[in-house]
Amino acid sequence: MTERRGREALLRVEDLSVSFPALRGERTSVLDRVSFEIGRQETVALVGESGSGKTVTALTIMGLNHASATVDGGRIVLEDRDLLTRDGKNVRDYRGTQIAMIFQAPKASLNPLVKAGAQIARVVRLHQGVSQKRAQEIAVGLMRSVGINDAERRYHAYPHQLSGGMAQRVMIAMALSSQPQLLIADEPTTGLDVTIQEQIFELLVQLKEHLTMSMLLITHDLALVAETSDRVAVMHGGHVVEAGPVEAILNEPKHPYTQRLVGSVLRADRRIEVTAQEPVAREHIDYRTAGCRYAPKCEHRFGPCDTVRPLVLQVGHTPGHTAMCHLYDEAQVEEKRTDEQRVRSC
Amino acid sequence: MNNASAPADTAPLLEVVDLEKRFRAHGQVVHAVNGVSFSVFPGETVALVGESGCGKSTTARCIVRLTDPTEGRILYRGRDVSSISRRAFRSLRPEIQMVFQDPGASLNPSMTIRQTLREPFRLHNGARRNDLEAHVQQSMRLVQLEPALLNRRPDQLSGGQKQRVGIARAIASNPSFVVLDEPTSSLDMSLRLSLLQLLKDLQRRLGMTYLFITHDFSAVRHVADRVVVMYLGKVMESGLVDDVLDDPKHPYTQVLIAAIPVPETRTRPRAKLRGETPSALRPIVGCPFQERCPHVMEECRQGEIPFFDVGSRKVACLRYASVAPTEATAARGSE
């Protein structure tokens, strides 16, 4: 999965900025000029810690953000059409049909009062306008295609009667009912057992091939990313701090945050020496800084980090590997060198 | 936390013998824990692992007496504590402590961190009022939290900070034995590592013994000495961590370990596990894994499966019947 599958991007997120209301009429910029793209049939992973903006990015693409969120700038382009310029009603033109999403905690995403199969049938009717009877047939077929045995009987099961893995299969059936071009999977297996996680991903990969679909995978599990994704965008504090092919990110991480993230991956297959990490004194992120939002925690922090927003620059030897860090900015590093020389000569 | 097996001449700190816990649900009986045996030796970390519903948390709750065992014995320092009254168990509370899975739900939201951390010192150690603050400050230092956080309430702390408070509370009474019930499952990867490092460090400094309940094999590899793998209320395999994880012998352990993603971009051959764990409501005769096992034989469906010695491990699988069976049917780890 090393090659970029599609030359042409299916979805481009360009300089997307989103803010939420904060105290005293101020706004918190939770996404600050976020850019990445997803090629056709490609799986892109969005990784980062809680609060990094992964889920807000996904919800903004889906037009499902909270009403208090505002998009302050940028574009989300699906096949040359900017999704952000459409009005609310037209969101339905692509949401659920061209782009579908599955969520963490599948049981919480299903309506507890409606039979699982009927919930799939509703989606089918909404998008395909078929009769009730036909919708039920399609729903049972979809349930079979996502590996639910005994689909006719399970159609009548209520969500509480399903296991977590089964509920996620129902969500996948619902998401795929209109054969979307892009599936957004937000931590689809968090909270599920590892053998069920494996089954769900095996299913997703099969369906992705079968439906020639792209996938945006949101997760914080880098091992899972390594096994499933083509490219990775690493988010921290609402910035994409590093992006590139999965091998480049895992083997040659460039941004100090990515380095910390990759360095904290424990392995089940062998014992590794882990360098002791100091607990980060400040866990919260200053969203108002004009500089790098990782600077307060960064061991390489220097002159411009607190005040100047780093540029997104090509790093390493792999094409498409970028990082947003002053360490790779020749001009900034040069200035640091001359400063140091000046100090020495004083 | 050394990697060697416990010396044979050391007495176990904790011994679980044929533990059973049955619940009644929908007029039926659920065998949550069905004849589980293992030992934990002083100073070591034993990981109790398995998927949801395998009985690992129920086993832990029986040990710390948050629920009463139905049958079997739990020996702590050689004394059976499973049948003593809850009141009598109270005298053991300072010695046997637990860190809970969800730090948000296990801290009192209306108490400040200072109030929460004072409790164990008042209850267990009978500390004098004047000394309480010094004890609380010391606890905060041990778990590497700033004393300024003492005035806050749980909702003003991050998940990682809350779990450190949970650890501080558990170790306040200077326990010998601590049950860690999935202490990192609600944390991000980078926080998870620093918390595991902290637990290892505290164990070394304070000489504690851990029973680590988890489904995270990479954490097991990182912190545990021995591992006990459970499935549907029974022990399937136990042994030294490196042996079991590098070369699992039970067909269940094999598929379980094969399912764990590793941070490398290569497609690896995998033994796949089909289906889901069957309901614990339906009694199963023989091996609990029979319905999903690729190697199932007729004998697997008949009667109790004994444990067989395979290298350092004990494996409850008839495929190893050609190797001499162990005398007891209990998996007592790898003494």
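B:Pro263 counts as buried because it has 20 C-beta neighbours inside 10 Å. Buried means 20 or more other C-beta atoms within 10 Å of the residue's own, exposed means 12 or fewer, and partly exposed lies in between, with C-beta atoms placed from the backbone. This is a predicted model, in which local features need pLDDT of at least 70 and side-chain atom pairs count only at pLDDT 80 or more, while totals for chains, interfaces and linings use all residues. Residues are numbered from 1 along each chain as its sequence is written, and chains are lettered from A and ligands numbered from 1 in the order in which they are written.

**Where the chains meet**

B:Pro263 sits in the loop between helix H9 (251-258) and strand S11 (308-310) of chain B. Helices (H or I, at least four residues) and strands (E, at least two) are DSSP runs, numbered from the N terminus. Leaving aside residues up to four places away in sequence, B:Pro263 touches A:Leu222, A:Ala223, A:Ala226, A:Leu250, A:Val265 and A:Arg267. A contact requires C-beta atoms, placed from the backbone, to lie within 7 Å.

Across the two chains, 33 residues of chain A are in contact with 31 residues of chain B. On the chain A side, helix H8 (194-210), helix H9 (222-228), helix H10 (246-251) and helix H11 (256-263) each supply at least two residues. H9(A) gives the largest share, five residues. By type, this side of chain A holds 16 nonpolar, seven polar and 10 charged residues. Here Ala, Val, Leu, Ile, Met, Phe, Trp, Tyr, Cys and Pro count as nonpolar, Asp, Glu, Lys and Arg as charged, and the others, Gly among them, as polar.

**Chain A as a whole**

Chain A has 12 helices and 12 strands. Its radius of gyration is 22 Å, close to the 20 Å that the globule rule gives for 346 residues, so chain A is as compact as a globular protein of that length. That radius is taken over C-alpha atoms, and the rule is 2.2 Å times the number of residues to the power 0.38. Along the principal axes, the C-alpha atoms of chain A fill a box of roughly 85 × 50 × 40 Å. Of its 346 residues, 44% count as buried. Among contacts in chain A between residues at least 6 apart in sequence, 64% join residues at least 24 apart.

The average pLDDT of chain A is 89, and 94% of the residues score at least 70. pLDDT is the predictor's confidence in each residue, from 0 to 100. Over residues 1-6 of chain A it stays under 50.

**Two sheets in chain A**

One open sheet has four strands in the order S2-S1-S4-S5 (chain A), with antiparallel pairing. Strands pair if DSSP finds at least two bridges between them. Strand S2 (27-39) and strand S5 (81-82) of chain A are the edge strands, each pairing on one side only. Helix H1 (residues 54-62) of chain A packs on this sheet, touching S1, S2 and strand S4 (70-78), and its direction makes about 70° with that of S2(A). Axes are lines fitted to C-alpha atoms, for helices over the stretch in contact, and angles run from 0 to 180 degrees between N-to-C directions.

The other open sheet has eight strands in the order S6-S7-S8-S3-S9-S10-S12-S11 (chain A), with mixed pairing. Strand S6 (99-102) and strand S11 (312-314) of chain A stand at its edges with a single partner strand each, so one side of each has no neighbour in the sheet. The twist averages 20° from one strand to the next. H11(A) packs on this sheet, touching strand S9 (231-236) and strand S10 (239-245) of chain A, and its direction makes about 110° with that of S9(A).

**Strand pairs**

| Pair | Sense | Bridges |
|---|---|---|
| S1(A) and S2(A) | antiparallel | nine |
| S3(A) and S8(A) | parallel | five |
| S1(B) and S2(B) | antiparallel | 10 |
| S1(B) and S4(B) | antiparallel | five |
| S3(B) and S8(B) | parallel | five |
| S7(B) and S8(B) | parallel | five |

**Strands of chain B**

Two residues lie between the strands in the hairpin of S1(B) and S2(B), where B:His26 takes a positive phi near 50°.

Six of the six residues of strand S8 (residues 209-214) of chain B are buried, so this strand is largely enclosed by the rest of the structure. B:Thr209, B:Leu211 and B:Ile213 lie on one side, and B:Tyr210, B:Phe212 and B:Thr214 on the other. B:Val49 stands opposite B:Thr214, and B:Val179 stands opposite B:Leu211.
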